[in-house]
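Please read this briefing alongside the sequence and the coordinates shown below. The points are grouped by topic so that each can be checked against the structure in turn.

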Amino acid sequence: MTALHIDIRRKRYAGASAAKKSAADQIGNFRLDIAENEFICIFGPSGCGKTTLLNIVSGLDHQFEGVIAGENTAARFSHVFQNPRLLPWRTVRQNIDLAVPKGTSGELVEHLLEETGIAAVQHQYPETLSLGVCRRAALVRAFASRPDFMLLDEPFVSLDAPTARRIRKLLIRLWLENPHGALFVTHDLTEAVTLADRLIFVSAAPMSIVADIRITLPREFRNDNEQVSAFIARIMTQHPQIQTLI
Ligand SMILES: Nc1ncnc2c1ncn2[C@@H]1O[C@H](COP(=O)(O)OP(=O)(O)OP(=O)(O)O)[C@@H](O)[C@H]1O
């Protein structure tokens, strides 16, 4: 069942040169259907429009031609940005509590704080904490809002490799416990194969889909580097059009 239908016929930013009509389009003819609880990774060149896509899907940007339609019209979206975007005048816990839907218990938040290992610092202010801790807090906030759909924009960029690996595993564990649709932007193909049900390769602007690949590697093998590398080598042979994007 399609949970979210994305059809962006054209997105261009105001101020883009009218003389260079198609060259100025940021996104063109981008169509993607996402199934219920499906985890999708988007992989493409820098500056092609991936953040723009997430902003459109989450409703932050309405300036585009096309339609974003959900099966559930009351669906809740949560957005994990490249920068954790915690309010500096609130503690970690206060930042998270702001996202908790009214009338729901704090039990999930307690569980998430324990799972992410940040329960001990929940009453501290973001500026007193490392970027890794703030990223975990942003992830807890996103899950605490009990979303139907989560948008994640390179949430682990600039973290050291072991921390990123730990939080990636945590993300999958939380997602398996509380399934929902996910659109995850990354520049790291190994990360994409580790996380996704489907991998979408996109072109430079005007951004459109170059390849739509189902990750058939079973989840129990996703932490095995050799298996992941072999899978990547296989898709590069089967989909030569992605080679220039990697
Ligand atoms: N509000 C805006 N007004 C005008 N141009 C913008 C605006 N926001 C983004 N852009 C431009 O749109 C292009 C795409 O930006 P976007 O951040 O969506 O790319 P991206 O694929 O997410 O990049 P990266 O992989 O480097 O994060 C860039 O050239 C950017 O400068």
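The model is predicted, and every value given here is computed from it.

**Ligand shell and cysteine 48**

- The residues around the ligand are Tyr13, Gln26, Ser46, Gly47, Cys48, Gly49, Lys50, Thr51 and Thr52, and by class this shell comprises two nonpolar, six polar and one charged residues.
- Cysteine 48, one of the residues around the ligand, is located in the loop that runs between strand E3 (39-43) and helix H1 (50-58).
- Cysteine 48 counts as buried because it has 20 C-beta neighbours inside 10 Å.
- When neighbours within four places in sequence are left aside, the contacts of cysteine 48 are with Val202, Ser203, Ala204, Ala205 and Met207.
- Leucine 129 is 81 residues away from cysteine 48 along the chain, and the C-alpha atoms of the two are separated by 32 Å.

- Five of the five residues of E3 are buried, so the strand is largely enclosed by the rest of the structure.
- Phe39, Cys41 and Phe43 point one way from E3, whereas Ile40 and Ile42 point the other way, and all are buried.
- E3 pairs in the parallel sense with strand E7 (residues 181-186) over five bridges, and within that pairing the bridge partner of phenylalanine 43 in E7 is threonine 186.
- E3 is also joined by four bridges to strand E8 (residues 198-202), again running parallel, and there phenylalanine 43 stands opposite phenylalanine 201.

**Nonpolar core**

- The largest nonpolar core has 59 residues, of which Ile40, Cys41, Phe184, Ala196 and Leu199 touch the most other members.
- Helix H4 gives the most to this core, with eight residues.
- Alanine 196 is in contact with Phe39, Ile40, Cys41 and Ile215, leaving aside its neighbours within four places in sequence.
- In soluble globular proteins, nonpolar side chains tend to be buried together.

**Helix H3**

- Val109, Leu112, Leu113 and Thr116 are the buried residues in helix H3 (residues 107-116), and they lie on the same side of H3 because they cover an arc of only 100° around the axis.
- The buried residues of H3 pack against helix H2 (92-97), helix H4 (131-144) and helix H5 (161-177), while the face turned away from the buried side carries the exposed residues Glu107, Glu110 and Glu114.
- Glycine 117 follows H3 and has a positive phi, near 75°.

**Loops and backbone geometry**

- The peptide bond from alanine 205 to proline 206 is cis, with omega near -5°, and proline 206 lies in the loop between E8 and strand E9 (209-214).
- Arginine 85, although it is not a glycine, has a positive phi of about 50°; it is found in the loop between E5 and H2 and is partly exposed, with 13 other C-beta atoms within 10 Å.
- Arginine 146 has a phi near 50°, a positive value in a residue other than glycine; it lies in the loop between H4 and strand E6 (149-153) and counts as partly exposed, with 15 C-beta neighbours inside 10 Å.
- Leucine 87 lies in the loop between strand E5 (77-80) and H2, and it counts as exposed because it has 11 C-beta neighbours inside 10 Å.
- Leucine 87 and alanine 138 are 51 residues apart in sequence, and their C-alpha atoms are 11 Å apart in space.

How values were computed: Residues numbered from 1 in each chain as written. Predicted model: local features only at pLDDT ≥ 70, side-chain atom pairs only at ≥ 80, totals over all residues. Near = placed C-beta within 6 Å. Nonpolar A, V, L, I, M, F, W, Y, C, P; charged D, E, K, R; others polar. Buried ≥ 20, exposed ≤ 12 C-beta atoms within 10 Å, placed from the backbone. Helix = DSSP H or I, 4+ residues; strand = E, 2+ residues; numbered from the N terminus. Arc of directions from axis to C-beta. Contact = placed C-beta atoms within 7 Å. Core = buried A, V, L, I, M, F, W, Y, C linked by C-beta atoms within 7 Å. Pairing = 2+ DSSP bridges.
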